[in-house]
Amino acid sequence: MTRLTPVEQIIPDADIVPLTGRVGAEIRNIRLSGDLPQQTVAAINQILLRHKVVFFRDQAHLDDAGQERFAQRLGDLVPHPTQGPVKGTASILELDSSRGGGRADQWHTDVTFVDAYPKFSVLRGVVIPPAGGHTWSNTAAAYQDLPEPLKLLADNLWAVHSNAYDYAAVRPRASAAEKKHFEEIFTSTIYETEHPVVRVHPETGERTLLLGNFVQRLIGLSKSDSAKLYEVFQSYVTAPENTVRWRWKAGDVAIWDNRATQHYAVNDYGDQHRVVRRATVDGDVPVSVDGRRSATRTKVAKPATDKAA
């Protein structure tokens, strides 16, 4: 378990500005690069553990290579398991609103349909519309808010996560390009993984709710009961007091602890163009409160004939 020191002692030359009482902080006066001193990188990691998501303005000097060099200081990089990286990079995933898959407007934790899903995500604003934003939630605070009977229930529940779900029901207004991207690319390999609803954070020891839109059902319960209980627990994750919203500008960088957050890319910018690029830091297999580990139970590549013309 990591011992967190007072924020003001972490990076003396930087301004650390908490954005809410429970989640999110802006770190000012730091120029991100792969050449930062190890002490500074360690401090950023520690601030991230405390605030769950941190933001940096004015990082337009970063290109894909610079973003990856910095992200690699936080851990090993890993590409998205079905979409792969941008050409010439190790892990960069591009989210472009003009193409399929560019609008992640559902509450989710990244890539929970695999067992060792990402530890950190490092997101860079490339083309940003004048309006719109992104919202994160603190899933450790959400767990702490649960009444004791719900904590006991959550501690003993497991869920099946998958990247194959009813896309039309979840995103009824999705464009034809987005539907095609989901069918041909996002689900080119179908995963099913069993995760505990509550995982123990490997660095802080906190208990966090592991939910989000990749949850298909709670193990041992009917589809109806699963949906009702999911909504109860998820309502604590999305409670306003556990969330923070960031108003993007081009050149901004956001980093979040994917083990203790969910996020939602608010789709409120209409037809305006938005491009963000994400470098992903590899994670570890979650452990439940009773010491059991998550496990991927299904990994099936679709036959080429399944892909639409």
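Me: Which residue forms a salt bridge with Arg199?
Reply: Asp284 does, with the closest N and O atoms 3.2 Å apart. A salt bridge here is a side-chain nitrogen of Lys or Arg within 4 Å of a carboxyl oxygen of Asp or Glu. Before we go on, this is a predicted model: local features need pLDDT of at least 70, side-chain atom pairs count only at pLDDT 80 or more, and totals for chains, interfaces and linings use all residues. Residues are numbered from 1 along each chain as its sequence is written, and side-chain values use heavy atoms, with hydrogens and water left out.

Me: Where do Arg199 and Asp284 sit?
Reply: Arg199 is in strand 9 (residues 198-200) and Asp284 is in the loop between strand 15 and strand 16, 85 residues apart. Strands (E, at least two residues) and helices (H or I, at least four) are DSSP runs, numbered from the N terminus.

Me: Is Arg199 buried or exposed?
Reply: Arg199 counts as buried, at 1% relative accessibility, while Asp284 counts as partly exposed at 25%. The cut-offs are under 20% relative accessible area for buried, over 50% for exposed and partly exposed in between, using a 1.4 Å probe and protein chains only.

Me: How many salt bridges does the count come to?
Reply: The count comes to 16. One of them joins the side chains of Arg277 and Asp64, at 2.2 Å from N to O. That pair links strand 15 to helix 2, 213 residues apart.

Me: Which residues are linked with Arg277 in a network?
Reply: Asp64, Glu94 and Arg124 are linked with Arg277 through salt bridges. Arg277 counts as buried at 16% relative accessibility, and Asp64 does at 17%.

Me: OK, helix 2. What do its buried residues pack against?
Reply: They pack against helix 1 (38-51), strand 5 (120-127), strand 13 (253-257) and strand 15. The buried residues of helix 2 (residues 64-72) include Asp64, Gln67 and Phe70.

Me: Back to strand 15, then. What does Thr280 touch?
Reply: Thr280 is in strand 15 (residues 275-281) and has contacts, meaning heavy atoms within 4.5 Å, with residues including Asp76, Ser91 and Phe120. Thr280 is buried, with a relative accessible area of 4%.

Me: Last topic: in what order do the strands of the open sheet run?
Reply: The order is 11-7-8-16, with antiparallel pairing; two strands pair if DSSP finds at least two bridges between them. Strands 11 (215-218) and 16 (295-301) are at the edges with a single partner strand each, so one side of each has no neighbour in the sheet.

Key: Lists of a residue's contacts leave out its neighbours within four places in sequence.
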